[in-house]
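Please open the structure in the viewer and follow the stops below in order.

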Amino acid sequence: MVQSDLQTHLYLTCPSAPYDTQVLVNNRTASASEIVASALHDNCKAVLVGERTFGKGLIQSVFELHDGSGIVVTVGKYVTPNHKDINGDGIEPDYRRLPDLNEARDYLSRCQSKKLS
């Protein structure tokens, strides 16, 4: 992870694996876990299986004021590697049920072909 000023960049690298990855997501998958799932997905390393994710895409800090009250300030937001803002919408999975191995392989193969073209 590389951090600079108010922006944090998460770099995930995954060499060609001898297996296909399926990431299980649901409406409780939120925030950074959504970004990790989408990073694997957007880079054709995994298919997403389950339900739409929560959609927590804001990074917030809480500051206490001198009178004892507080303020919440949005200091950043999460976006997928394909620059999709997930806040409020979440991420729709590729499959509602676990796909069989060939189905997942075909999906990832088509994804990689699209990225190359």
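What pLDDT does the protein chain average, and what share of the residues score at least 70? In this predicted model, the average for the protein chain is 86, and 84% of the residues reach a score of at least 70.

Colour the chain by confidence. Strand E1 (residues 2-4) has the lowest confidence, with a mean of 44, whereas E4 has the highest, at 96. Select residues 1-10 next: the pLDDT there is below 50, and the stretch makes 12 contacts in the model beyond near neighbours in sequence. Where pLDDT is low, the predicted coordinates should not be read in detail.

Now select Val-23, Val-25, Ile-35, Ala-37, Ala-46, Leu-48, Ile-86 and Ile-91, the 8 residues of the largest nonpolar core. At least two residues of this core come from each of strand E3 (21-25), helix H1 (32-42) and strand E4 (46-50). Centre the view on Ile-86, whose contacts beyond four places in sequence include Glu-34, Ile-35, Gly-55, Tyr-78 and Ile-91.

Another core, of 5 residues, lies apart from the largest one; Val-47, Tyr-95, Ala-104 and Leu-108 are among its members.

A search of the whole structure finds 1 aromatic pair. The ring centres of Tyr-95 and Tyr-107 are 6.0 Å apart and the planes stand at 65 degrees, so the pair is edge-to-face. Tyr-95 belongs to the loop between strand E6 (70-77) and helix H2 (101-116), and Tyr-107, 12 residues away, belongs to helix H2.

Is each tyrosine buried or partly exposed? Tyr-95 is buried, at 12% relative accessible area, while Tyr-107 is partly exposed, at 23%.

How values were computed. Residues are numbered from 1 along each chain as its sequence is written. This is a predicted model: local features need pLDDT of at least 70, side-chain atom pairs count only at pLDDT 80 or more; totals for chains, interfaces and linings use all residues. Side-chain values use heavy atoms; hydrogens and water are left out. Rings of Phe, Tyr and Trp (its six-membered ring) pair if their centres lie within 6.5 Å; planes under 30 degrees apart count as stacked, over 60 as edge-to-face and the rest as tilted. Helices (H or I, at least four residues) and strands (E, at least two) are DSSP runs, numbered from the N terminus. Buried means under 20% relative accessible area, exposed over 50%, partly exposed in between (1.4 Å probe, protein chains only). A nonpolar core is a set of buried Ala, Val, Leu, Ile, Met, Phe, Trp, Tyr and Cys residues joined through side-chain atoms within 4.5 Å. Contact means heavy atoms within 4.5 Å. pLDDT is the predictor's confidence in each residue, from 0 to 100.
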